[in-house]
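Here is a short briefing for a first look. Start with the structure, then read the points by topic.

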Amino acid sequence: MPKANPRHPKFPIPGGPELRARGWRQEALLRLLENVLSVGEDPGNLIVYAALGKAARSWAAHNGIVKALTEMEEDQTLLIQSGKPIGLVKTHAKAPLVIMANCNIVGQWAKAEVFYELQRKGLICWGGLTAGAWQYIGSQGVIQGTYEIFMRIAERRFGGDLAGRFVLTAGLGGMGGAQPLAGRMAGAAILCVDIDPERARKRQQIGYLQEIAPDLDTALEMIDAAVKDKRALSVGLVGNAAEVYPEIARRGIVPDIVTDQTSAHDLVYGYVPKGMSLDQVRELREDGQGQLMAASRASIVDHVTAMLDFQKRGSEVFDNGNLIRTQAKEGGVSNAFDIPIFTEAYLRPLFARAIGPFRWMALSGEESDIARIDDLLLEMFPDNKIITNWIRLAREHVPFEGLPARIAWLGHGERTMLARRVNALVVTGEMKGPVAFSRDHLDAGAMAHPNIMTERMKDGSDAIADWPLIDAMMLCSSMADLVVVHSGGGGYAGYMTSCGVTVIADGTEAADERLDHALTNDTALGVMRYADAGYEEALDEVMKKDVPYIRLG
Ligand code: NAD
């Protein structure tokens, strides 16, 4: 039985033992599509997160996908082009059930303006990373990444934790909403600015944000008191970051850590310029895109200038993956890239070993399935501090949204081992239902994004998109259930290409084979990508784990 969804009553949370499709694999993908809408930001408009990241191109396309997933046999493959089903072809039972290509525009045309025009004509939609691929799990999807960043900074600069430290950030949307909880889990007093009171309320309602301050003075007093008591606290503030950051700087306050996760990548549908109400912005989105782009960029210039000011005065400042530096540079802030990107600054040694944001969703809808997998992880990897620390924290602090799910940063071999053990538990009935395994597209072999994931690669291969394409083709040959290639839409047009994958552990022998091939090959490619770029960690992983990398010379 689906469960009621208080946040979006028209989008119940899937679950239960009954199948509407002709097999669990098809049913699983149907539930994942339903799930991304149930946890999405604006499901009535099919929007899941990141301003414009959609689950399907239109409601007609959505309904066509649902019909195909419900009626298709196991030896067929559903083809999806930018969120619209275009065919159901005969393949074989080991082929993917769904393959997708979303928002891939030929190089010279891949610009925000061209994307908006194609979108207006109904010819394209952006899938975000995990929205169009039905892999989004709500704010939990990036929470461990954000937490690990905070902990890396804590280790480097603050003696191991963030107790008594002030973190300033902005953006309480789908992904940015993970920040207050990640900050609190790291022990910090974290202030999160968002222009939209509704977003702040949502994050408070689902347990990611503790307090909402009525004004800046009160917010700073609350933070100050928590810093003095070394008490973890998350405070939301409704305001425009392009005004609030410069005002905090003007008062001479220097936060310990400063970042931002507004949808700065999209000057039309994401970022809200200062001095404009949300209603004004919504109107301009329809018929004043040029004006809105100029106003957003001007505000981002002020926003990033304040971030650079904090950096000069000693704050640890980083770009949290929203293209804010790129937008500022185009607006004339020549030194915007003095701010480092989080991947290169903190997480690259993990990605070089293909350790990245792996995740799983309990298709039964039962939280006990996730609890059982949490136990399993602790049993299987007792010496892996990243995993054991994370699982203990996540259990205590991370509330479930939609289908119960868990994210954990696992690497080559580890993901496969876990998934196959879970598949065995589905067979014995210890799981209440099948489990879907997936990962973020921001993963070692899966993404080319020269201003985010692959910035300043050791060998200069930042902009080469062969890796995600090889990943996708390899995953189709490795029996994955769903494989997707995404490129950027809106402000990300021309900036990225990524690959996504989902494999269903339905307790069958075939699933065991699928999980083994797809998950092992996916992380093997991740190690190869970094080994090929000359990263020592990756070369070490090749030796330790016998990764079949061909090293020339
Ligand atoms: P979202 O569109 O759901 O939320 C963006 C939020 O920013 C909204 O709540 C909006 O009200 C707020 N906002 C916009 N302009 C503002 C301003 N000037 N001042 C204050 N608040 C403002 O987007 P999301 O899913 O939270 O993603 C945010 C950004 O992070 C996107 O650019 C996305 O691509 C990026 N992202 C990064 C990672 C990563 O791995 N680091 C992962 C996912 C998303």
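Two residues are in contact when heavy atoms of theirs lie within 4.5 Å. The model is predicted.

**Helices α4 and α14**

- Helix α4 covers residues 143-157, and helix α14 covers residues 385-397.
- The two helices pack at an angle of about 115°. Their axes are 12 Å apart.
- The crossing of α4 past α14 is right-handed.
- On the α4 side, the contact is made by Ile143, Gln144, Tyr147 and Glu148.
- On the α14 side, Ile386, Asn389, Trp390 and Leu393 meet them.
- By type, the residues of this contact between α4 and α14 are 5 nonpolar, 2 polar and 1 charged.

**The ligand and its shell**

- The ligand is surrounded by 31 residues. The closest are Ala51, Asp194, His265, Asn320 and Tyr492.
- By type, the shell around the ligand holds 13 nonpolar, 14 polar and 4 charged residues.

- A polar backbone atom of alanine 50 is 2.9 Å from an oxygen atom of the ligand.
- For alanine 51, a polar backbone atom is 2.8 Å from a ligand oxygen atom.
- Arginine 199 uses its side chain: a polar atom there lies 3.0 Å from an oxygen atom of the ligand.
- On its own, the ligand has 870 Å² of accessible area, and the protein covers 95% of that.

Technical notes:
Residues are numbered from 1 along each chain as its sequence is written. This is a predicted model: local features need pLDDT of at least 70, side-chain atom pairs count only at pLDDT 80 or more; totals for chains, interfaces and linings use all residues. Side-chain values use heavy atoms; hydrogens and water are left out. Axes are lines fitted to C-alpha atoms, for helices over the stretch in contact, and angles run from 0 to 180 degrees between N-to-C directions. Helices (H or I, at least four residues) and strands (E, at least two) are DSSP runs, numbered from the N terminus. A crossing is left-handed if the near helix is turned anticlockwise from the far one by less than a right angle, and right-handed if clockwise. Ala, Val, Leu, Ile, Met, Phe, Trp, Tyr, Cys and Pro count as nonpolar, Asp, Glu, Lys and Arg as charged, and the others, Gly among them, as polar. A residue is near a molecule or strand if one of its heavy atoms lies within 4 Å of it. A polar contact is a pair of N or O atoms within 3.5 Å; within protein, one must be able to donate a hydrogen and the other to accept it, and residues adjacent in sequence count only if both atoms are side-chain atoms. Accessible areas come from the Shrake-Rupley method with a 1.4 Å probe; for residues, only the protein chains shown count as cover.
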